[in-house]
Amino acid sequence: MSVSPPSALPVHRILPEEPLLLMGAGPTPISHEVGRANAVVINHLGPTMNRVIEGVKDLSRYAFQTSAEHVLGVAGPASAANEMALANLVWPGRRVLSLVTGTFSARLAEMARGVGADVTVITSDVGQPATAAQAAAALAAGQYDLVTLVQGETSCGVVNHEIPEIARLAKSHGALIHVDAVCTLSTMPLPMDEWGIDVVVTGGQKGLASIPGVSLIAWSDRAWETVQSRPRPMPHWCLDATRAWRFWGEHQYHYTAPVPGILAVHEALRLIAEETLEARFARHVRCSAALSLAVEAMGMSLFIDPEHRLSSVLSICRPDPVDATALKARMVRDFGVEIAGAFGLDIVRIGQMGEQCRAEHLFRCVHALGESLRREGFDADIAAGMAALSGALRGDAAQ
Ligand SMILES: *Cc1c(COP(=O)(O)O)cnc(C)c1O
C-alpha cells in the first residue's frame, strides 16, 4: 500500500467536551426527540418508512399551511431544495424576476441563471426588503414566468411583509412565485394557500429546528402542472421532482432516502404541530423582541429598522473598537456560546430560530455577549441588558 493509514482521533475527542450553544444563523440546537430520531436507520422502503413519509407530508402541510398534494423532502441543504424547485420550473428561454435583498435571494437568481433562465434582478438598498411597488414596476415593464424572493434574508436580518401583495401581482401577471422560507418557516406566518404562493422551500436546520441535510418543498397545483408540462427533460436526475414523487408519492425507489434525517424532520414537524404555529410564532416574537431590547440596553445598535426587522435572526452593528472575529472567538472560548458574523456587512448576528428562542438560551447568550464585549474593549452595560431581557420575558421563564 502506498498510502499508509493516518492516525485519527475519534470524533468525540475532536468535539468540545461541553457542546457549544448554537446561537448563530444555523444550524440551530435540536430537541432530544429530533436527536434520537436522527440516530436510527431503517429500510428507506417498506411499510414503516411509508408511515413516516405520510406523516412528514401531513405535518408539512400544517407547517406550510397548504392543502397541496405535492409536498416532498430533498436529500440536501436548503440550497439543493431551492435548486430543485428552480431547475424543475425553469429552462432556457424562461424569464425570471429575482427580487434581491442579500446573499440568499441573490443565490436564487444565480440558480435560475444556471439552468438557463433569462433573469432580471431588482436589488433593494442594503437592509431594505423588496417591495410590492418594485415588483409591480418590473412586472409592468416585462413579461415573466417566475418571481423569486426570500421571506427572511438571513444574511442581513430583513423580513419581507409584502409577500401577499407580491404574490397577488405575480398571479395577475401570470407568473409563478417561489418563496425561500428557510429561516422563517414555522417562526412567522406564511400561509401558502391563503397568500397564493406556488413554491415554498425550507431547510431542516433553521426555523424547523431539525438537522441539516433534509429540506422540504411544497408545490401549488399550478406549479406542479408546470413541472409536468416541461417541454424538455430535466437536466438533473436527482433533483427531478417527478422522479422524486415516485418516492414521496408512490413509495417507490428513486434514490436511497436519507432515512435518519427524514425521521428527524418528522419529529421536528411533530413538535411544531404539538406546540401549534400560533404559539410558536408568539414565542419567536416575544423572544426576539426581548433580545433586541437587551442588546440595545447594553449600548449597541441594531442594523435593521424595527419595521423590517426579522424575528428569526437579529443583526447587531459591530461596536467600536471590537473586532467581530475576536468577539465571536471570545464568546466560544470563555462562554461556550456561538454567534454568527456576516457576509461582508459590519454586523454580528444572533439566531432566534426554533430552539434558539428559549428564555434560558437568551439569558446565557446575552450574558456571554455582554461579558465578551467588555473583555474586547467595549463598555457594555451588562446589568441593564440582563434587566431588559428579564423584564421583557417576565412570566415567560419556563418557556
Ligand atoms: C441558510 C439559508 C439558505 C441556505 O441554506 P443551506 O442549507 O445552507 O443551503 C437559503 N436561504 C435562506 C433564507 C437561508 O437562511
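Predicted model: local features only at pLDDT ≥ 70, side-chain atom pairs only at ≥ 80, totals over all residues.

Analyst: Residues are numbered from 1 along each chain as its sequence is written, and side-chain values use heavy atoms, with hydrogens and water left out.

User: Which strand does β3 pair with, and in what direction do the two run?

Analyst: Helices (H or I, at least four residues) and strands (E, at least two) are DSSP runs, numbered from the N terminus. Two strands pair if DSSP finds at least two bridges between them. Here β3 (residues 95-100) and β4 (residues 118-123) are parallel and are joined by six bridges. Within this pair, Leu97 lies opposite Thr120 of β4.

User: What unit do β3, α5 and β4 make?

Analyst: A crossover is right-handed if, with the strands pointing away from the viewer, the path from the first strand over the helix to the second runs clockwise. In this model, β3, helix α5 (residues 103-114) and β4 form a right-handed β-α-β unit.

User: How many residues of β10 are buried?

Analyst: Buried means under 20% relative accessible area, exposed over 50%, and partly exposed in between (1.4 Å probe, protein chains only). Strand β10 (residues 214-219) is largely enclosed by the rest of the structure, because six of its six residues are buried. In a regular strand the side chains alternate between the two faces of the sheet. In β10 both faces are covered: Val214, Leu216 and Ala218 are buried on one side, and Ser215, Ile217 and Trp219 on the other.

User: Is Arg94 buried or exposed?

Analyst: Arg94 counts as buried because its relative accessible area is 13%. Its place is in the loop between α4 (78-89) and β3. Contact means heavy atoms within 4.5 Å. Apart from neighbours within four places in sequence, Arg94 is in contact with Leu89, Ala117, Asp118, Asp145, Leu176 and Thr226.

User: Where are cis peptide bonds found?

Analyst: One joins Gly26 and Pro27, with omega about 0°, and Pro27 belongs to the loop between β1 (21-22) and α2 (32-37). Another joins Asp320 and Pro321, again with omega about 0°; Pro321 is in the loop between β11 (313-317) and α13 (324-335).

User: What is the phi of Gln65, and what is that of Thr276?

Analyst: Gln65 is not a glycine, yet its phi is positive, about 55°. Gln65 lies in the loop between α3 (47-64) and β2 (71-75). Thr276, not a glycine either, has a positive phi of about 80° and sits in the loop between α11 (259-275) and α12 (277-297).

User: Which residues form the nonpolar patch on the surface?

Analyst: Patches are made of residues with over 30% relative accessible area and no salt bridge: like charges are joined within 9 Å, nonpolar side chains (Val, Leu, Ile, Met, Phe, Trp, Tyr) within 5 Å. A salt bridge is a side-chain nitrogen of Lys or Arg within 4 Å of a carboxyl oxygen of Asp or Glu. Accessible areas come from the Shrake-Rupley method with a 1.4 Å probe; for residues, only the protein chains shown count as cover. The patch consists of Leu9, Val11, Ile14 and Leu15, together with about 400 Å² of accessible area. Leu9 precedes α1 (11-14) and is partly exposed, because its relative accessibility is 48%.
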